[in-house]
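Here is a short briefing on a two-part topic: how the chains are built, and how they meet. Read it beside the sequence and the coordinates.

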Amino acid sequence: MTALETAQKLKTKFGDLISEPAEFRGEITLRVSDADRIVEICDFAKTELGFDYLTDISSVDNYGEDPRWTVVYHLRGLAHGNELRLKTNVSEEKSELPTVTTVWKTADWHEREIYDMMGIRFSGHPDLRRILMWEGYPYFPLRKDFPLAGKPSELPGVAFTKSAPLEGGPFVTAPGGKDAIEREPRVRTPEE
Amino acid sequence: MATVQDIEIRDSAARAARATEELQDVQGEKMVLNMGPSHPATHGVLRIVLELDGEVITKADPDVGYLHRGDEKIAENMTYTQFIPYTDRLDYLAPLANNVAYALAVEKLLGIEKDLPPRCQYIRVMCAELARISSHLLGLGAFAMDLGAVTVFLLTFTDREKIYNLAEAISGARFTTSYTRIGGVMRDLPPGWLEQCQKFCDEFIPSLNEVETLLTRNRIWVDRVRNLAVISKEDAIDYGLSGPNLRGSGIEWDLRKKQPYLCYKDLEFDIPVGSVGDCYDRYLVRMEEMRQSVRILEQCIQKIPGGADNKIKEPVNVPDGKIVLPPKQNVMTKMEELIHQFMLVTQGMNCPPGEIYFGHENPKGELGFYINSRGGGTPYRMKIRAPSFVNLSIIPKIFPGCLISDTVAILGSLDFVMGECDR
């Protein structure tokens, strides 16, 4: 059974909840329209379709678009070797979706990381704490509106209080931003 | 007449279980012990909050993130090529393998991974296998040293030194190699490198045999690691372990075999798997993997297109000026090459919009890159799936019931590196 066939099976089972499989570079992506039902789909994929291994969960900040968050699940079946990517969107107001730790235990730390970096909460997670940043850190650093230099904070010792050397430097290429000629500091008039 | 006698194995897991039983009558208070972040056995900056009942661990809570540098945030703000040096610093014990993994991920996004010249593929395989040996040697040396066998550490570091010399010869740097480029490698192998590599292979196997005689049947070593921290097949899959830790639990999963990339399908090698899933199995799997890596290296030396000095000028980069920097002399004399160089340096290569995930069999496990591109020279989002991060998440499961002196053995057998875990 190929990855596409398993994807079709998932599509037949859940119907409109799941989009048509999209293929790019040999990888199959399925979009799940309702984030609240992700557990049900993952559970079916694990028990019925043999996707016993969760490779990774990651998140994307579609800043300026609605819905703002995309959570991406990478599923793999060790027995058949197929891979599947599930994507689901979460709105900024809600910023919450159910946890899949009940399906795969490895989701625990991946979800903690997403909460830490993006601020998306996972309801039902057994231990939703920050993991890479420290308890009490006030921001979510991987959000697109969080500057590369960090943000000042009233709390002493929390977040950066002055610009990190990377910000605005000649080696920073912002997506869709200025190119290196415009960024070259020697030809730029000082702004501050 | 010979007699057969049963000897009770004084394994630490049974010892710990018995100790817990005995201790149940003693109404002792539980003690919380903070191990790390700077503790020699944590190989970096891992902190574990242990709850102890006497000497037996009842709860363990790992605390990671002390080495967090925001690599994923940085990646969003630079071109794909500019990020290569950052990959050196992920698993800093195997920078060459990280370079290969990252380059392959971006090439998958560009759709050129099938067009890589064969010589480049062989060079990259050799880099990845040298990195595997180097990483396993350090993991093994530190593991043994933490349990008191300092000699092993000195032996393995002698061999690592030779690998560093090989890395220096190809990239100019011993540690932070940054050797690969998107679409190829920085430069071809220097003259005489293959002979040096063959010399290393010849010298390495006797040295590994010496380590093997020091440890594999050593009573003290076996007593310390056998039946300790057993990870069942189900747990290993459920917790998403990868690399030698997954194979130590008896699951034959190796990305080099299951999803062959580069020229691995043309090479012969075996995948060692454990049978019990204890620390001893993980140790044995790593020992055998090093032997298999040498096997791969020797085949590569024999089969590499172009041979040692590449007289027939086999290319090492894809012939696409929009991806690989042109030779400098052409930039200086030709218009088109000048434009390509200018565009590549100022804006990076033009990647198509889309998303890919590429997993590479790194020494520590599956190093994966999820790249979400919206077109252009920078990734919109890059997630690094770090094997050490995932492998460490099993600590709360396997630590309880073990003795506190076993923590160093378990941590050594998991073989993690914090630079990759914390990113």
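Helices (H or I, at least four residues) and strands (E, at least two) are DSSP runs, numbered from the N terminus. This is a predicted model: local features need pLDDT of at least 70, side-chain atom pairs count only at pLDDT 80 or more, and totals for chains, interfaces and linings use all residues. Residues are numbered from 1 along each chain as its sequence is written, while chains are lettered from A and ligands numbered from 1 in the order in which they are written. The model scores ipTM 0.83 and pTM 0.85.

**Chain A: overall**

- Chain A has four helices and seven strands.
- From the N terminus, their order is α-β-β-α-β-β-β-β-α-β-α.
- Chain A holds 192 residues, and 35% of them count as buried. Buried means 20 or more other C-beta atoms within 10 Å of the residue's own, exposed means 12 or fewer, and partly exposed lies in between; C-beta atoms are placed from the backbone.
- Two residues are in contact if their C-beta atoms, placed from the backbone, lie within 7 Å. Of the contacts in chain A with a separation of 6 or more, 46% join residues 24 or more positions apart.

**Chain A: the sheet and its helices**

- Five strands of chain A make an open sheet with mixed pairing, in the order E1-E2-E5-E4-E3. Strands pair if DSSP finds at least two bridges between them.
- Strand E1 (22–24) and E3 of chain A are the edges; each has a single partner strand, so one side of each is left without a neighbour in the sheet.
- The twist from one strand to the next averages 25°. Axes are lines fitted to C-alpha atoms, for helices over the stretch in contact, and angles run from 0 to 180 degrees between N-to-C directions.
- E1(A) and strand E2 (residues 27–32) of chain A run antiparallel and are joined by three bridges. Phe24(A) has Glu27(A) in E2(A) as its bridge partner.
- Helix H1 (residues 3–14) of chain A packs on this sheet and touches E2 and E5 of chain A; its direction makes about 15° with that of E2(A).
- H3(A) lies across E3 and E4 of chain A, at about 10° to E3(A).

**Chain A: local backbone**

- Most residues other than glycine have a negative phi, and most peptide bonds are trans.
- The peptide bond from Asp66(A) to Pro67(A) is cis, with omega near -5°. Pro67(A) sits in the loop between E3 and E4 of chain A.
- Ser95(A) is not glycine, yet its phi is positive, near 45°. Ser95(A) lies in the loop between strand E5 (83–90) and E6 of chain A. It is partly exposed because 16 C-beta neighbours fall inside 10 Å.
- Glu96(A) belongs to strand E6 (residues 96–98) of chain A. Its count of other C-beta atoms within 10 Å is 15, so Glu96(A) is partly exposed.
- Leaving aside residues up to four places away in sequence, Glu96(A) touches Arg121(A) and Ser123(A).

**Chain B**

- Three strands of chain B form an open antiparallel sheet, in the order E1-E2-E3. Strand E1 (31–35) and strand E3 (56–63) of chain B are its edge strands, each pairing on one side only.
- Five bridges link E1(B) with strand E2 (residues 47–53) of chain B, and the two run antiparallel. Asn34(B) has Val49(B) in E2(B) as its bridge partner.
- The axes of helix H5 (residues 118–146) and helix H17 (residues 406–414) of chain B come within 9 Å and cross at roughly 175°.
- Phi of Leu262(B) is also positive, near 45°. Leu262(B) is in the loop between helix H11 (255–258) and helix H12 (279–303) of chain B. With 21 other C-beta atoms within 10 Å, Leu262(B) is buried.

**Where the chains meet**

- The contact takes 35 residues from chain A and 43 residues from chain B.
- Strand E3 (53–61), strand E4 (69–76), helix H3 (107–118) and helix H4 (180–183) of chain A each give two or more residues to the side that touches chain B. E3(A) gives the most, with six residues.
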